[in-house]
Amino acid sequence: QVQLEESGGGLVQPGGSLRLSCAASGRTFMYDTMGWFRQAPGKEREFVAAVKWSGEGDYAGSVKGRFTISRANAATTSYLQMNNLKPEDTAVYYCGTRGGWGASNNSPMQYKHWGQGTQVTVSA
């Protein structure tokens with residue numbers, strides 16, 4: 001059974017940092033793309049970042065330069081380092097996996113497996 005488990009969310013002040021983790025288990029994910037999405041109340045799930053098996057990253061424009069995505073542990077774990085957080089970054093953050101890499105990295109429909117989400121709240 002495939003499982004994705006996110007951790008690292010919490011409450012942080014504007015300008016602060018958090019690091020999210022996503023651990024995958026159940027089969028070999030080495031060559032899958034791992035992505036992060038977020039969903040705020042009343043809004044659709046939106047793309048944040050994705051990382052290829054090789055370590056190459058892809059970012060939404062709203063987080064580029066502030067967030068960094070990476071992989072470790074034989075590519076079964078994805079990290080999302082979030083710096084200079086803003087109130088508009090507040091959301092539930094989800095990780096997902098998909099086969100392939102490319103222009104559709106930002107489409108939730110391309111991801112087959114999802115974690116349960118972790119809450120990130122940016123507030124003074």
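Tutor: The mean positions of the 12 positive and 9 negative charges of the chain are 3 Å apart. Here Lys and Arg count as positive and Asp and Glu as negative, with His and the chain ends not counted; each charge is placed at NZ of Lys, CZ of Arg, CG of Asp or CD of Glu. This is a predicted model, in which local features need pLDDT of at least 70 and side-chain atom pairs pLDDT 80 or more, while totals for chains, interfaces and linings use all residues. Residues are numbered from 1 along each chain as its sequence is written, and side-chain values use heavy atoms, leaving out hydrogens and water.

The chain has 0 helices and 11 strands, where helices are DSSP runs of H or I with at least four residues and strands are runs of E with at least two, numbered from the N terminus. Its radius of gyration, taken over C-alpha atoms, is 13 Å, close to the 14 Å that the globule rule (2.2 Å times the number of residues to the power 0.38) gives for 124 residues, so the chain is as compact as a globular protein of that length. Buried residues make up 43% of those 124; buried means under 20% relative accessible area, exposed over 50% and partly exposed in between, with a 1.4 Å probe and protein chains only.

The largest nonpolar core has 29 residues, and W36, V48, F67, L80, M82 and Y93 touch the most other members. Such a core is a set of buried Ala, Val, Leu, Ile, Met, Phe, Trp, Tyr and Cys residues joined through side-chain atoms within 4.5 Å. Strands that each supply at least two residues include β4 (33–39), β7 (67–72), β8 (77–82) and β9 (91–98), and β5 gives the most, with 5.

Not counting residues up to four places away in sequence, M82 touches G16, S17, L18, L20, R66, F67, Y93 and V120, where contact means heavy atoms within 4.5 Å. One of these partners, R66, sits in the loop between β6 (57–59) and β7. R66 counts as buried, at 10% relative accessibility. Beyond four places in sequence, its contacts are Q81, M82, N83, N84, L85, K86 and D89.

N84 is partly exposed, with a relative accessible area of 41%. Most residues other than glycine have a negative phi. N84, not a glycine, has a positive phi of about 50°.
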